[in-house]
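Hi,

Here is the structure I promised to pass on.

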Amino acid sequence: MKSWIFLATMLIETVVVGGFALLYPRIVRKGLLFGVYVGEARSESEEAEAITRGWNRGIVASLAVCVLLGGILSFATPEPYAAVVPVHLQIVAFLVLYLRAYFRARALAPAGPPPPAVAPLDATRATSALLPALTLAAGVACGAFAVAYSWAHYARMPATVPTHFGASGEPDAFRPKSFFTVMLLPIFVLMIGAFLGGMAWLTAHAKRALRRSAERTSLEAQLRFRAAVTRYLCVVSLLAVGMLTLMSVFSVRVALGQSRGLPPGIDVLGILIAVGAVGGGIYLALRYGQGGARLEKARVDTPLTDGLADNRRWVLGMFYVNRDDPSFLVERRFGIGYTLNFGNWKAVAVVLGFVALVLGLAVVAALTS
Amino acid sequence: MRNPVLTVDWSLDEPVYEQIARQIRMRVVAGELAPGAALPAVRTLASDLGVNLNTVARAYRLLEEQGFIRIRNRSGAEVAAPAPRADASARDRLRAELAEVLARMRQGGLSPEEIRRLAEREIAALSRARDVEGGGIR
């Protein structure tokens, strides 16, 4: 039975990653090709289509290999970590195939000066920041509550506390009580609440990239896309932080003997959030396209401008580096959603600081347990 | 209605803050930006254009000194209404600026007759823009 669960998990992960990889070339803003601005006309040329065909063939082949490998691993070893091997291979294949397509696309990039930058002189068209601000506040409040609740009951906890819960919701692993075994989860909830809420707020203020002579169409498409991504992040953030807060509170109650396990249905809630997050990503891609690409089809032949079209600002088509640009987040050139402006030291410090904090907590927890 | 936009052309020798200030001036004079119309915050405009915050702030300060906009708070701005009447010192300063422009035009090879025709055309365009604005487009 376990083999079938591993196989199903592996299949879902691998197919989701492979499916997004096949979807990405179909949802990019016209003029972009695998992270390179090649111009609107060239992005539909025979050479561009050949590069996309090569990508599709590569992804399908790697998907087949990964599924086959996963099938063998799931029956050959009882080790649960085997289920994640194929999806990691799929990610490696994605990167290799992306770089191959990127360097082929570079040959199609236009020479000459960078395209002009365009901005609307209209102050009333900002995405509302109220929902992300409330999400950020709710996330921080939930995390603070989880921390306070755990700390308030710390002294009364027994010498050993539960550190892991099985599929039934009851604890299946215990460790000696220490600051980190008790406080790690609530601190993590606080950090996740602040991070996800913060990312939603920054997304509402992300950089806009317009087309040069279709400013209105391009602007509206992007504003709708940005608002949709912001709402998506807010919903995912609220659900995830709510679930983690429940888990944190109930792990304290279990330690105190006030409850037998996590609240019933929390595992289903977790699966629903994961499915909803993936489903929401697919919906955004199909409904809006990256940066609202699917909404601007009517006037799509006008050229893209500065933010997305200036190849000098992009490293490998993935990393936007512009020291002058005060933007934290900018549209991805390939994929769905937004990426950091790696030229903005504040943006880099925020994200690297968060990652360092998470890693630091994990290391300290491992050393002290 | 078409939204007024601003373009920064990297291939021009003109500094970026001057390009921004010049285009906003032109939009104001043409009536595309009416008195009281809110301009984007410095951060929003800098982010859209991918330029430094100080560049946009410098353009806004220049426009404020020239009387085209009013800076409302730390980052917002709105289009200023034309002054009802120029006082004596403003009149002297503007006359000096006009003399400088005329000298540059003469030095650039334009004859007095060509300069007069160009000036009349610009004054006519300015009057048309004021008429449209007065006619209630915005």
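Some housekeeping before the rest. This is a predicted model, where local features need pLDDT of at least 70, side-chain atom pairs count only at pLDDT 80 or more, and totals for chains, interfaces and linings use all residues. Residues are numbered from 1 along each chain as its sequence is written, and chains are lettered from A and ligands numbered from 1 in the order in which they are written. Helices (H or I, at least four residues) and strands (E, at least two) are DSSP runs, numbered from the N terminus.

Helix α1 (residues 16–29) of chain B packs on α3(B) at about 45 degrees, and the axes are 8 Å apart. Axes here are lines fitted to C-alpha atoms, for helices over the stretch in contact, and angles run from 0 to 180 degrees between N-to-C directions. The angle makes α1(B) oblique to α3(B) (under 35 degrees is roughly parallel, over 145 roughly antiparallel, 65 to 115 roughly perpendicular, and the rest oblique). On the α1(B) side the contact residues include Val16(B), Tyr17(B) and Ile20(B), and on the α3(B) side they include Val56(B), Leu62(B) and Leu63(B). Contact means C-beta atoms, placed from the backbone, within 7 Å. By class, the residues of this contact are nine nonpolar, one polar and two charged; Ala, Val, Leu, Ile, Met, Phe, Trp, Tyr, Cys and Pro count as nonpolar, Asp, Glu, Lys and Arg as charged, and the others, Gly among them, as polar.

Helix α3 (residues 53–65) of chain B also packs with helix α2 (residues 42–49) of chain B, at about 125 degrees and with axes 8 Å apart. That makes α2(B) oblique to α3(B), and their crossing is right-handed. Among the residues making the contact are Leu45(B) of α2(B) and Tyr60(B) of α3(B). Here the classes come out as seven nonpolar, one polar and one charged.

Chain B has an open sheet of three strands in the order β2-β4-β3, with antiparallel pairing (strands pair if DSSP finds at least two bridges between them). β2 (38–39) and β3 (69–71) of chain B are the edges with a single partner strand each, so one side of each has no neighbour in the sheet. Two bridges link β2(B) to β4 (residues 77–79) of chain B, and Leu39(B) stands opposite Ala77(B).

Now for where the chains meet: 23 residues of chain A are in contact with 27 residues of chain B. The largest share of chain A's side, four residues, comes from β3(A). Four bridges join β3(A) to strand β1 (residues 5–8) of chain B, and the two run antiparallel. Val118(A) stands opposite Thr7(B).

Finally, confidence. The model scores ipTM 0.78 and pTM 0.83. Chain B has a mean pLDDT of 85, with 89% of its residues at 70 or more; pLDDT is the predictor's confidence in each residue, from 0 to 100. Over residues 133–138 of chain B, pLDDT stays under 50.

Cheers

Key
A crossing is left-handed if the near helix is turned anticlockwise from the far one by less than a right angle, and right-handed if clockwise. Two residues are in contact if their C-beta atoms, placed from the backbone, lie within 7 Å.
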